[in-house]
There are 2 protein chains.
Amino acid sequence: MNRALCYYQVKCVEVTAARERVLAAAEQLFSAHGYAAVTLRDIAEALDIKQASLYYHAPGGKEALFVEVTLRGLERHRAGLEAALRTGGPDLSGQLKAAARWMLSQPPMDFNRMMRSDMPAISAEQAARIRAAADEALLTPLEAAFEAAVSRPHAVYLAGAFLAVVSAIHMLPEAFAPPPREEMADYLIDVLVRGLAS
Amino acid sequence: MNRALCYYQVKCVEVTAARERVLAAAEQLFSAHGYAAVTLRDIAEALDIKQASLYYHAPGGKEALFVEVTLRGLERHRAGLEAALRTGGPDLSGQLKAAARWMLSQPPMDFNRMMRSDMPAISAEQAARIRAAADEALLTPLEAAFEAAVSRPHAVYLAGAFLAVVSAIHMLPEAFAPPPREEMADYLIDVLVRGLAS
DNA sequence: GTCTATACACTGATAGAC
DNA sequence: GTCTATCAGTGTATAGAC
């Protein structure tokens, strides 16, 4: 992407490495606080550069930067989530625990906030792209896993509930999460699979 | 509150009624899109007045307005949630379904976004007040209900998971929620209580 | 690649007329 | 109660030096 900036291989390495720092900082801040709450100065400050310098790496401006890192993050989520579900073992419980571990290893994504606060703030076309990517990256693979494991209608509800709970665990403030978040997730997955009374 | 504005009873009625409109519009917008994403002009536009006119009803400005409607909303949630849990019947399932119905009847609150995006944008003291109110209004009553019904550790995890799922259902875009949200909530509560295999 | 300087729009907030 | 007018501060974005 944006290979136009890279004329020689040796140069390209440097360019993409520097650009990576920008994208990573932007992704971290956007995913943590949302599009409206994060300013370009916040991102620049995290990189210890000035706001205007961001335009060298992200000539498209704030919205394009947000869309790029969000789509990138969703694509990474899709790949990691599908891999986790595939390698999590034959039973649903193990698959879900692997999926939760994967999600907890990534920068937290607040899908509710993305849909209700971030999407209305950007152009309709870009919002539609992100919506579709989020659907394919998160809901679809989880829905398939539930569908394959339990004979129940509305597997998509279960996928959505799973996503909501894991996201909520991920976004707990540090003060509220002294036990590892993975343990919380495992605990709640056991409840989901076996029921409260077990 | 702010009774200083009311000198006569007859005047007071008008004042509080007009003020109510402002608070309701502010609460709706803030709770839907978050503190940073909503401008005073957005609120004024929803009321069909000019931005400066808001300062008659909310002399404290944007942050004070946000804190007031948020605390008000949380207090309403606390009262309604406790009532629902009390009147939901003897079994946990009925209590949770009543609680979900209550929450779905209210303007949706995105607690994750509140904690991660809205709180950092306001003063630390006000943020602490809201955090404490949210804890007491939502987590505490639900935790007590789980604790009373099932002999399990970590009832607070279950309370948090319940909140996350109901909030997520509440915030689904209309396009994704043709079946009544109450049915989704009931479905997922049944899964929670009885387990996936049932 | 990063900087300074700056243009321009938007936002929160105040003052004062009606 | 609501308005117009206005201001300072902030945010995005561009131009150009180094």
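Trainee: Leaving aside its neighbours within four places in sequence, which residues is Glu27(A) in contact with?
Mentor: This is a predicted model, in which local features need pLDDT of at least 70 and side-chain atom pairs count only at pLDDT 80 or more, while totals for chains, interfaces and linings use all residues, and side-chain values rest on heavy atoms, with hydrogens and water left out. Residues are numbered from 1 along each chain as its sequence is written, and chains are lettered from A and ligands numbered from 1 in the order in which they are written. Glu27(A) has its place in helix H1 of chain A, where helices (H or I, at least four residues) and strands (E, at least two) are DSSP runs numbered from the N terminus. Taking contact as heavy atoms within 4.5 Å, and leaving aside its neighbours within four places in sequence, Glu27(A) touches Val69(A), Arg72(A), Gly73(A), Arg76(A) and Pro107(A).

Trainee: Why does Glu27(A) count as buried?
Mentor: Relative accessible area, computed with a 1.4 Å probe on protein chains only, sets the classes: under 20% is buried, over 50% is exposed, and partly exposed is in between. Glu27(A) counts as buried because its relative accessibility is 8%.

Trainee: What is the distance in space, C-alpha to C-alpha, between Ala84(A) and Glu183(A)?
Mentor: Ala84(A) is part of helix H4 (residues 61-87) of chain A, and with 8% relative accessibility Ala84(A) counts as buried. Apart from its neighbours within four places in sequence, Ala84(A) is in contact with Gln95(A), Ala98(A), Ala99(A) and Trp102(A). Ala84(A) and Glu183(A) are separated by 99 residues in sequence, and their C-alpha to C-alpha distance in space is 17 Å.

Trainee: Which residues of H6(A) are buried?
Mentor: Helix H6 (residues 111-118) of chain A is mostly covered, with six of its eight residues buried. By name, these are Phe111(A), Asn112(A), Arg113(A), Met114(A), Ser117(A) and Asp118(A).

Trainee: Which three residues supply 23% of the area that chain B buries against chain A?
Mentor: The contact draws 38 residues from chain B and 38 residues from chain A. Buried area is the accessible area (1.4 Å probe) that two parts lose on being put together, summed over both, and between chain B and chain A it is about 3,500 Å², with 62% given by carbon and sulfur atoms. On the side of chain B, the 23% share, more than that of any other three residues, comes from Arg116(B), Tyr187(B) and Leu196(B).

Trainee: Which helix gives the most to the side of chain B that touches chain A?
Mentor: A salt bridge needs a side-chain nitrogen of Lys or Arg within 4 Å of a carboxyl oxygen of Asp or Glu, and the count between chain B and chain A is zero. Across this interface the rule does find 14 residue pairs in polar contact, both at pLDDT 80 or more. Helices H1 (9-33), H6 (111-118), H7 (124-149), H8 (155-170) and H9 (181-194) of chain B each supply at least two residues of the side that touches chain A. With seven residues, the one that gives the most is H9(B).

Trainee: A phosphate oxygen of DNA strand C is 2.5 Å from a polar backbone atom of which residue?
Mentor: A residue is near a strand if one of its heavy atoms lies within 4 Å of it, and of the 18 residues around DNA strand C, those that come nearest include His57(A) and Tyr55(B). A base nitrogen of DNA strand C is 3.3 Å from a side-chain N or O atom of Arg41(B), whereas the polar backbone atom 2.5 Å from a phosphate oxygen belongs to Lys50(A).

Definitions and conventions
A polar contact is a pair of N or O atoms within 3.5 Å; within protein, one must be able to donate a hydrogen and the other to accept it, and residues adjacent in sequence count only if both atoms are side-chain atoms.
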